There are 2 protein chains.
Amino acid sequence: MDFLKEQFSYSNGGITAPIGFTASGVSAGIKKKGGLDIAMVFSEITASAAGIFTLNKVRGHSLDLCENNLNDGKARCIFINSGNANACLGPSGYNDAISIAAKCSAELGILPNDVLTGSTGIIGHPLPMVKILPAITNACSSLSSYGGSKSALAILTTDTYPKEVAVSFFLNSKKVTIGGMAKGSGMIHPNMATMIGVLTTDANISYQLLKIFLKKSSDKSFNRISVDGDTSVCDKILILANGLSGTDEIKPNTPEADLFLAALTAVSVKLAKLIAADGEGATKLIEIHVKNALTPEDAHKAAKAIANSPLVKTAFYGEDANWGRILTAAGYSGADFNPDITSISIGPLNLFKNGLAISFDETEAKEVLKKKNITVIVDFSNGTFDTTVWTCDLSHDYIDINANYRT
Amino acid sequence: MDFLKEQFSYSNGGITAPIGFTASGVSAGIKKKGGLDIAMVFSEITASAAGIFTLNKVRGHSLDLCENNLNDGKARCIFINSGNANACLGPSGYNDAISIAAKCSAELGILPNDVLTGSTGIIGHPLPMVKILPAITNACSSLSSYGGSKSALAILTTDTYPKEVAVSFFLNSKKVTIGGMAKGSGMIHPNMATMIGVLTTDANISYQLLKIFLKKSSDKSFNRISVDGDTSVCDKILILANGLSGTDEIKPNTPEADLFLAALTAVSVKLAKLIAADGEGATKLIEIHVKNALTPEDAHKAAKAIANSPLVKTAFYGEDANWGRILTAAGYSGADFNPDITSISIGPLNLFKNGLAISFDETEAKEVLKKKNITVIVDFSNGTFDTTVWTCDLSHDYIDINANYRT
């Protein structure tokens, strides 16, 4: 992915970096600890819109409405509240989501089904609508082209920092920008359904193609991060493309399409890595490459098992070069490989080669493991397929954060 | 399983409770922290023998030899060392296992392939054979019918207490005993390959039937526990049946066979629960019942996902009645169920009914969650299949134990 750094210039800002987008973040008093908890994103004109949604059987009511409102591939407004997931509440939860969309629609003078709703937080508690409805008025009147950062703050739950990215590139001499924001940070797991991400762009693209590209870019980014293997009931990625860059419409199988997809992937990978690095209690970002696997599935199974293993993640927290746990996780992953021709390295340390332990310098290992960014390479040497996933270590703070989240 | 309490009388002791078994536990100096690290179990006469082995692609060398030596369904001696897994060492690791079996064979005057070898501990370090070989002499000369407890201590790694069980019952007026010992306590996960368990019995049974019954009883016990979802490269269950109770041979599809299987299952369940309760850093044993599922697979998938969820396990550590995480884990498990007719309770607390949160008394919840044994019931109401799994909570101590295990 290093080529991305050169191909695209990361600009300041996030979702309001593209032309024609405004945003806001306000406090409705939903979160017990206070702070911003309602984010709004608005496009000057109707935008092509697409989304990817949780695979969890249990689904939040706001998410259900959001997916319905995306059926026509068009939207102008995204509403997200943090602090309450609006889930497991029966018909009243869905009605609350409808009331939110109606309120946004009335305030902004847009169609109700052009509002995409999202809620993240605790499950099973009714949304405090008496607080939310007046806050929507406030959020709408606060919309601004400088509002991206506040919006990125308002969607956070246990995250420790906001996650914003924007990149620009040129399509036939016209500048196109993609912006994004995301929240993690527990319940992050491959196969989406893992977080909330909002992407905006002034590119001119049909919603059909946008949907395909959103899936492709997410499969290389958001679907490759893991914090604790849990997936939540409310998580999704949304994208709005309003076309205000003024370029011609991006058509499939053109160099312009390739460039747009590459840029979208770059934004998504950067957000995904920010999420993994901010995993609950994380002290390190761990990049796991599985190389030369027999099939893409074998590479993915092994990488996922390593990324999800509490024993591997705790060893990284302990700054312990425990390649045995990495090999063990690959071993039970279901991936087809031969341990006798497998090699493992962590950063510059070769620890295991062709089935045999390699003696290494413990002092050098400690130095490598101290770093905040660690790369693990597992080389199966039995095929040609590679994959990369990102995870974080498992620390005392994870326990603290999650032992008392609800109460 | 409550019927087991009445049907069988648990007796003192473990693997040396059945007639004709002796055991010992000695210190060879393999473990850095010192203590007993070699366990030996011996049958006066050749016994029917069976085993179940790790499904991990990476397999310890001692385990490989053990499985080979079981091919004829006969054995007399079990050797297990803790502190070193004898894994990932190439041909020298297998040769070490052969040397161990040869030494036991010479000391005990038995065939080398009547020795079953096992090693548990760190991966990738050669066994200290200069320490182990003389210790085998010591272990053989220490064999005693009172040696079960020392043997149960010698197989432990990060366990905090030894795990021993024995039950007796009558087959046609003759007393038959089954004894067992096991070690956990991390890397415990359904599908075996999860721990070391040794079972002994003076029942008279063919190795073919013994193997079938070992699989059946393990599927209801050892394969239903989870500590962290990791499976190790060295784990197995072994059973020796020497027939010295003097009963007729147990034949398939007889009341005697049913009784023997029930007793074997009772011993295995008790050991499995002891392992789950002693999961690394565990403060609570959590029993998860999934009821009225569409298929046994759906019940199992949901129960396993709940048992493995770090978010669920951390909530129990925090004594937080977070049913939302239980439902969420079921939701991403792949089990087929409808959240709108699902109910969840923890002990006497009804928390979620037919898709809706139920308000409950937080003080009462705290009382329930304080207990050391907690039962969770998830009722899908869409079928007739039930399952039970056991797990533990995820605590600060898990992090401490695993952050610095190797070094």
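A residue counts as buried if 20 or more other C-beta atoms lie within 10 Å of its own, as exposed if 12 or fewer do, and as partly exposed in between, with C-beta atoms placed from the backbone. The legends below describe a predicted model, in which local features need pLDDT of at least 70 and side-chain atom pairs count only at pLDDT 80 or more, while totals for chains, interfaces and linings use all residues. Residues are numbered from 1 along each chain as its sequence is written, and chains are lettered from A and ligands numbered from 1 in the order in which they are written.

**Figure 1. Overview of chain A and its two domains, 2–277 and 285–403.** The domain bounds come from an automatic or database domain assignment. Between the centres of domain 1 and domain 2 of chain A, taken over C-alpha atoms, there are 32 Å. Chain A holds 12 helices and 16 strands; these are DSSP runs (helices H or I, at least four residues; strands E, at least two), numbered from the N terminus. Of the 407 residues in chain A, 62% are buried. The C-alpha trace of chain A spans about 70 × 55 × 35 Å along its principal axes.

**Figure 2. Strand β4 of chain A and its neighbouring strands β3 and β5.** Strand β4 (residues 74–84) of chain A is largely enclosed by the rest of the structure, because 10 of its 11 residues are buried. Strand β3 (residues 38–53) of chain A runs antiparallel to β4(A), with seven bridges between them; pairing requires that DSSP finds at least two bridges. A:I80 in β4(A) is the bridge partner of A:A39. With strand β5 (residues 115–122) of chain A, β4(A) pairs in the parallel sense over eight bridges, and A:C77 stands opposite A:V115 in β5(A).

**Figure 3. The β-α-β unit of β4(A), α3 and β5(A).** Helix α3 (residues 91–108) of chain A belongs to this unit, which is right-handed: with the strands pointing away from the viewer, the path from the first strand over the helix to the second runs clockwise.

Figure 4. A:V176 is buried, with 28 other C-beta atoms within 10 Å. Leaving aside residues up to four places away in sequence, A:V176 touches A:S168, A:F169, A:L171, A:T201, A:D202, A:A203, A:S245 and A:T247; contact means that the C-beta atoms, placed from the backbone, lie within 7 Å. A:I237 is 61 residues from A:V176 along the chain, and 20 Å separate their C-alpha atoms.

Definitions and conventions: Two residues are in contact if their C-beta atoms, placed from the backbone, lie within 7 Å.
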